[in-house]
Amino acid sequence: MSRKQPPPIPVIGASQDSSREAELLAWEEKERLRRQQPEAEQAAPAAPLAVVPAPAAEPAAAEPAVGLERDPEPAAAVTPRSAPGYLEMPAFAEPDTVVPAERLEFYSRGIFAVQYAAKANHERAEQQKLIGLGLRLQAIKDEELHKHTGFETFGALTDARFGIKKHQANNILRVLGVAQALEDITTQELKERPLRVLVPILETHGTDAVRETWAEAARHGNVTDTSLREAANFLGYAPPKTQQVLEVEPPKPKPALAPAGSEPERVVERLRALAEKDLAAARREAAALEAAVRELVEELDGNLETG
């Protein structure tokens, strides 16, 4: 006796045709009725086959059925990568409670989160502003573009075109290397003045020393020029303190004194100098001196007569 062949199993493909689903349901009902027949009537029942519906989407390599046009598969959604160091602003959401105090607490946490993200992003933006300005100013200076655009100096160009004074541009360029060394370990705003402390450390000890000094200063709280200097001293990166050596100049020869005039001449010169400051006092002193001299002359004359 020949084996009974199982009926073909309809397969639902990628098409959304509802007739295929109806055909599958009809086949399942037919199979159920067949299994309910007496075993004698089933000469050699075949092993039941598992019905495995085909996946809704065909593999990329499969060819579409003839006469059927498949819609092109949508491209994979690409999640935009946020800029490094910036925080995503928290999305608004409502709490799942109706208690007013709990709802207020929920919204309060959201406000604090927004404020924190805004502050952090502002500091990161200021940091990247310093680096972005420095890279472009350095390129303009290196290429001496002021000479080709009618400006006498680099500072004249930056002042006229960007409102950046020469000393400001030079300060930015001075700390550019330090800012670049720190941008991947901190999102904090990098201000030009405190970074000056790290410039000689970068030149002498390199990038790693700059990062270690910053990390040590940040461990104690807010990073300032003072905390950076103290951290550099602690780590041994600070430049050695040099004491200024005072050169001892040989003693200069004293100028030869002009021959002194007579005593009356010195007295007269003293009174003239006094008259330039206080004319009335000079007159009183001159009158007193005149009276003393007259008395002395009379005395001398009397001594001569008696002698």
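**Burial and make-up**

The model is a predicted one. I then listed the secondary structure and found 10 helices and zero strands. Read along the sequence, the pattern is α-α-α-α-α-α-α-α-α-α. I also checked the sequence separation of contacts: of those between residues at least 6 apart, 51% join residues at least 24 apart.

**Confidence**

I took down the confidence next. The average pLDDT for the protein is 76, and 66% of the residues score at least 70. Residues 9–16 have a pLDDT below 50, and the model gives this stretch 17 contacts beyond near neighbours in sequence. I noted a further stretch, residues 43–81, where pLDDT stays under 50. For residues 43–81 the model has 20 contacts beyond four places in sequence.

**Helix α3**

I went to α3, residues 154–162, and asked which of its residues are buried. I found Phe154, Gly155, Leu157 and Thr158 buried there. These residues lie on the same side of α3, because they cover an arc of only 160° around the axis. I looked up what the buried residues of α3 pack against, and the partners are α2 (100–142) and α4. After α3 comes glycine 163, and I recorded its phi as positive, near 70°.

**α3 against α4**

How do the axes of α3 and α4 cross? I have them coming within 8 Å, with a crossing angle of roughly 105°. An angle from 65 to 115 degrees counts as roughly perpendicular, so α3 is roughly perpendicular to α4. On the α3 side of the contact I listed Phe154, Gly155 and Thr158. They meet Lys166, Ala169, Asn170 and Leu173 in α4. Sorted by class, this contact has three nonpolar, three polar and one charged residues.

**α4 against α7**

I followed α4 (residues 166–182) to α7 (residues 207–218). The axes of α4 and α7 come within 9 Å and cross at roughly 70°. That angle makes α4 roughly perpendicular to α7. Which residues of α4 meet α7? I wrote down Val178, Ala181 and Leu182 from α4, facing Thr207, Val210, Arg211 and Trp214 in α7. By class, the contact of α4 with α7 divides into five nonpolar, one polar and one charged residues.

Notes. Residues are numbered from 1 along each chain as its sequence is written. This is a predicted model: local features need pLDDT of at least 70, side-chain atom pairs count only at pLDDT 80 or more; totals for chains, interfaces and linings use all residues. Side-chain values use heavy atoms; hydrogens and water are left out. Axes are lines fitted to C-alpha atoms, for helices over the stretch in contact, and angles run from 0 to 180 degrees between N-to-C directions. Helices (H or I, at least four residues) and strands (E, at least two) are DSSP runs, numbered from the N terminus. Angles under 35 degrees count as roughly parallel, over 145 as roughly antiparallel, 65 to 115 as roughly perpendicular and the rest as oblique. Contact means heavy atoms within 4.5 Å. Ala, Val, Leu, Ile, Met, Phe, Trp, Tyr, Cys and Pro count as nonpolar, Asp, Glu, Lys and Arg as charged, and the others, Gly among them, as polar. pLDDT is the predictor's confidence in each residue, from 0 to 100. Buried means under 20% relative accessible area, exposed over 50%, partly exposed in between (1.4 Å probe, protein chains only). The arc is that of the directions from the helix axis to the C-beta atoms.
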